[in-house]
Amino acid sequence: MTALDIHQIPVLNDNYVYLARDPGSGACAVVDPAVAKPVLAALDKQGWTLTHILNTHHHMDHVGGNLELKAVTGCTVVGFANDADRIPGIDVRVREGDQVALGDCVGQVFEVPGHTRGHIAYWFAESHALFCGDTLFSMGCGRLFEGTPDQMWRSLGKIRGLPDETLIYCAHEYTNSNADFALTVEPDNPDLRARADQVLALRQAGRPTVPSTLALERRTNPFLRADAPELLAAAGLAGRDPVSAFAEIRRRKDNF
Ligand code: ZN
Ligand code: FE
C-alpha cells in the first residue's frame with residue numbers, strides 16, 4: 001500500500017492547489033492549477049517533477065495554469081470527458097468509475113455535478129484523499145452555477161458514503177465564513193461550535209483549515225445534514241424532504 005505525499009499551495013485570494021506525488025515512482029500530479037508560477041516554484045522547492053494535471057472542473061481558478069504547466073513540463077492533462085471542450089490542453093478524458101494512476105497510487109473518478117454540470121472528484125482510497133474541487137467545502141458546498149439541488153444532493157451523497165477518515169482536499173479556504181453561516185442553521189450543534197472556534201484560531205494563526213475529515217464534515221456541514229432530524233428542527237424545516245431542505249439551505253447561503 002502506497003500513500004501519496006501531498007503538498008498544499010495557497011494561491012490567489014483563497015484557492016488551494018495540491019501537489020500529489022507517489023513516492024515510489026515519482027509520478028506527481030497537480031490538482032486544479034489556478035495559476036502556473038506558484039506551482040512551478042513549489043515543484044522546484046520540493047524537488048518534484050510534474051507528470052499530470054488533474055482538473056475537477058473548467059472554472060478559470062482551477063484550469064488557469066494548465067497550458068503553461070503543460071508547455072513547461074510536458075505533463076498529461078486529465079479531465080472530465082463531457083467537458084473536454086472547456087478543459088484547456090486535455091489529453092485524457094475520464095468518466096465515473098475510471099481510474100487515474102500516479103505510479104502505484106490509483107485514484108477513482110466520481111462524477112459530482114451541481115456546481116458545474118461537468119464537475120468530477122478524484123478519490124485516492126489508500127491515501128484517504130479526496131480532491132473534490134468546488135463540490136464539498138469544509139462546512140460548505142459549491143454554488144449551484146449549472147446544476148440543480150437534486151443533482152448536488154446526490155453528488156454530496158456519493159462523497160458522504162466514503163470512509164470517515166477521508167481527508168477533504170477542497171479547492172478553497174472558505175471555512176470561516178462557512179462556519180458563520182452553518183451556525184445560523186444549527187446554532188446548538190456542539191460539534192459545529194467547537195469546530196468554528198478551532199477554525200477561527202487556525203485562521204488567526206495564519207494556518208489552513210483544509211483538509212478536514214469526512215467524519216467531521218458529517219457532524220458539522222449543513223449541506224451534508226439536510227436529512228438530519230436535528231438540523232431540520234433547528235432550521236425550521238421539520239418534515240421537509242432532503243432535496244427541498246438542501247435547496248432551502250443553499251438558497252439561504254446564497255443570500256447570507
Ligand atoms: Zn468553481
Ligand atoms: Fe473555485
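This is a predicted model: local features need pLDDT of at least 70, side-chain atom pairs count only at pLDDT 80 or more; totals for chains, interfaces and linings use all residues.

Me: Ok, so at what angle do α5 and α6 pack, and how far apart are their axes?
Reply: The angle is about 155 degrees, and the axes are 9 Å apart. α5 covers residues 175-185 and α6 covers residues 190-204. With the cut-off at 145 degrees, α5 and α6 are therefore roughly antiparallel to each other.

Me: Left-handed or right-handed crossing?
Reply: Left-handed, as α5 passes α6.

Me: Which residues meet there?
Reply: From α5 you get T175, N176, A179, A182 and L183. On the α6 side they meet L192, R193, R195, A196, V199, L200 and R203.

Me: And how many of those are nonpolar, polar or charged?
Reply: By class, the contact of α5 with α6 has 7 nonpolar, 2 polar and 3 charged residues.

Me: Switching to T220. Where does T220 sit?
Reply: In helix α7, which covers residues 214-220.

Me: Buried or exposed?
Reply: T220 counts as buried, because its relative accessibility is 0%.

Me: What does T220 touch, sequence neighbours aside?
Reply: Leaving out anything within four places in sequence, T220 contacts M139, A182, N189, D191, L192, R195 and R225. A182 in α5 and L192 and R195 in α6 also turn up in the contact between those two helices.

Me: What lies 2.7 Å from a polar atom of the T220 side chain?
Reply: That's the backbone oxygen of L216.

Me: You listed M139 as a contact of T220. What's the phi of M139?
Reply: Near 65 degrees, a positive value in a residue that isn't glycine. M139 is in the loop between β11 (136-137) and β12 (140-141). With 0% relative accessibility, M139 counts as buried.

Me: And L12, what's its phi?
Reply: Positive too, about 50 degrees, and L12 isn't a glycine either. L12 is placed in the loop between β1 (5-11) and β2 (15-21).

Me: Is L12 buried or exposed?
Reply: Exposed, because its relative accessibility is 55%.

Me: Last one: which residues does the cis peptide bond join?
Reply: V210 and P211, with omega at about 5 degrees. P211 is in the loop between α6 and β14 (212-213).

Key:
Residues are numbered from 1 along each chain as its sequence is written. Chains are lettered from A and ligands numbered from 1 in the order in which they are written. Side-chain values use heavy atoms; hydrogens and water are left out. Helices (H or I, at least four residues) and strands (E, at least two) are DSSP runs, numbered from the N terminus. Buried means under 20% relative accessible area, exposed over 50%, partly exposed in between (1.4 Å probe, protein chains only). Contact means heavy atoms within 4.5 Å. A polar contact is a pair of N or O atoms within 3.5 Å; within protein, one must be able to donate a hydrogen and the other to accept it, and residues adjacent in sequence count only if both atoms are side-chain atoms. Axes are lines fitted to C-alpha atoms, for helices over the stretch in contact, and angles run from 0 to 180 degrees between N-to-C directions. Angles under 35 degrees count as roughly parallel, over 145 as roughly antiparallel, 65 to 115 as roughly perpendicular and the rest as oblique. A crossing is left-handed if the near helix is turned anticlockwise from the far one by less than a right angle, and right-handed if clockwise. Ala, Val, Leu, Ile, Met, Phe, Trp, Tyr, Cys and Pro count as nonpolar, Asp, Glu, Lys and Arg as charged, and the others, Gly among them, as polar.
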